[in-house]
Amino acid sequence: MNKKWAAKRLTINLTSSEAQKLEQYCSITGRPATDVIRELIRSLCPQNEKVSEI
């Protein structure tokens, strides 16, 4: 395993509708769920950044 990605393993619980939505998105885009979830996490703004922008 690439040590770059070995830092943290995460297990999440999804509802059946959430899992289905993720599977459909991955099927349409041809991307693995791991990549989609990483991208979503990277797009998150910490709360203090949101407050300072207002």
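**A nonpolar patch and a pocket**

Visitor: Which residues make the nonpolar surface patch of about 500 Å²?
Guide: This is a predicted model, where local features need pLDDT of at least 70, side-chain atom pairs count only at pLDDT 80 or more, and totals for chains, interfaces and linings use all residues. Numbering starts from 1 along each chain as its sequence is written, and side-chain values use heavy atoms, without hydrogens and water. The patch is made by L10, I12, L14, I41 and L44.

Visitor: Is L14 buried, partly exposed or exposed?
Guide: Buried means under 20% relative accessible area, and exposed means over 50%. L14 sits in the segment before α1. Its relative accessible area is 41%, so L14 is partly exposed.

Visitor: Which residues line the second largest pocket?
Guide: A pocket is an open set of 1 Å grid points with protein on both sides within 12 Å along at least five of seven lines, where a 1.4 Å probe fits; lining residues have an atom within 4 Å of a point. The lining divides into seven nonpolar, no polar and two charged residues. They are L10, I12, L14, E18, K21, L22, I37, L40 and I41.

Visitor: Which elements give two or more residues to that lining?
Guide: Helices are DSSP runs of H or I with at least four residues, and strands are E runs of at least two. The protein chain has three helices and zero strands. The elements asked for are α1 (16-29) and α2 (33-42).

Terms used: Ala, Val, Leu, Ile, Met, Phe, Trp, Tyr, Cys and Pro count as nonpolar, Asp, Glu, Lys and Arg as charged, and the others, Gly among them, as polar. Patches are made of residues with over 30% relative accessible area and no salt bridge: like charges are joined within 9 Å, nonpolar side chains (Val, Leu, Ile, Met, Phe, Trp, Tyr) within 5 Å. Accessible areas come from the Shrake-Rupley method with a 1.4 Å probe; for residues, only the protein chains shown count as cover. A salt bridge is a side-chain nitrogen of Lys or Arg within 4 Å of a carboxyl oxygen of Asp or Glu. Buried means under 20% relative accessible area, exposed over 50%, partly exposed in between (1.4 Å probe, protein chains only).
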